[in-house]
Amino acid sequence: MSADLTWLLVKDNSSFLVKRSGVQFTTEPNNLTNLNSFKYSGLANKKVVGVTAAPTGKGVVLTTKKQSISASKPNKVFQKAAVSGSSRRSAKVIVNSIVRSGYRADLRKAALGRLSAILAAQKPKKVTKRCGRSTLRK
């Protein structure tokens, strides 16, 4: 099925669709911005990029769609690569695999934004002690 036909079927009626305050969001996998648009759709596009948190809690998992696998094997369609290490290394791996290989250069900014948000959420919170009196009053 073509990507355009899939988008026409999915854009208004999908189990992933969330409508709030006149804006349509989506919770579908491999959608970098969670906006309901054809450009970022993880269901309708032939070439898909997804950045999710690693199950271990450190690093991210980069997901792309293979082109050579037929539709009869949906379990083997996605190729996942775990990326760990510093944020600069992770960004370099994502840019090299998406942009420089010619896969989906238009999703570079969205993928890096998702990467930085995930890595910021994985950092431990700094605990600071408060000096002086407590703020509770009688």
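**Group meeting: loops, core and surface of a predicted model**

Ser21 sits in the loop between strand 1 (17-20) and strand 2 (23-26). Helices and strands here are DSSP runs, numbered from the N terminus: helices are H or I with at least four residues, strands are E with at least two. This is a predicted model, in which local features need pLDDT of at least 70 and side-chain atom pairs count only at pLDDT 80 or more, while totals for chains, interfaces and linings use all residues. Residues are numbered from 1 along each chain as its sequence is written, and side-chain values use heavy atoms, with hydrogens and water left out.

Back to the loops. Ser21 is not a glycine, yet has a positive phi of about 50°. Asn30, also not a glycine, has a positive phi of about 65°. Asn30 lies in the loop between strand 2 and strand 3 (49-53).

Are these two residues buried or exposed? Buried means under 20% relative accessible area, exposed means over 50%, and partly exposed is in between, with a 1.4 Å probe and protein chains only. Ser21 has a relative accessible area of 79%, so Ser21 is exposed. Asn30 is at 14%, so Asn30 counts as buried.

Next, the inside. A nonpolar core is a set of buried Ala, Val, Leu, Ile, Met, Phe, Trp, Tyr and Cys residues joined through side-chain atoms within 4.5 Å. The largest one has 16 residues, and those with the most contacts inside it are Leu32, Val49, Val51, Val60 and Ile94. At least two residues of this core come from each of strand 3, strand 4 (60-65), helix 2 (87-100) and helix 3 (108-122). Which element gives the most to this core? Helix 3 does, with five residues.

Take Val51. Contact means heavy atoms within 4.5 Å. Leaving aside neighbours within four places in sequence, the contacts of Val51 include Leu32, Val60, Ile94, Arg114 and Ile118. In soluble globular proteins, nonpolar side chains tend to be buried together.

Leu8 lies in helix 1 (residues 3-10), and at 55% relative accessibility Leu8 counts as exposed.

Last, charges. How many salt bridges does a search of the whole structure find? The search finds one, where a salt bridge is a side-chain nitrogen of Lys or Arg within 4 Å of a carboxyl oxygen of Asp or Glu. Arg104 pairs with Asp106, with the closest N and O atoms 3.0 Å apart. Arg104 is buried, at 12% relative accessible area, whereas Asp106 is partly exposed, at 40%.
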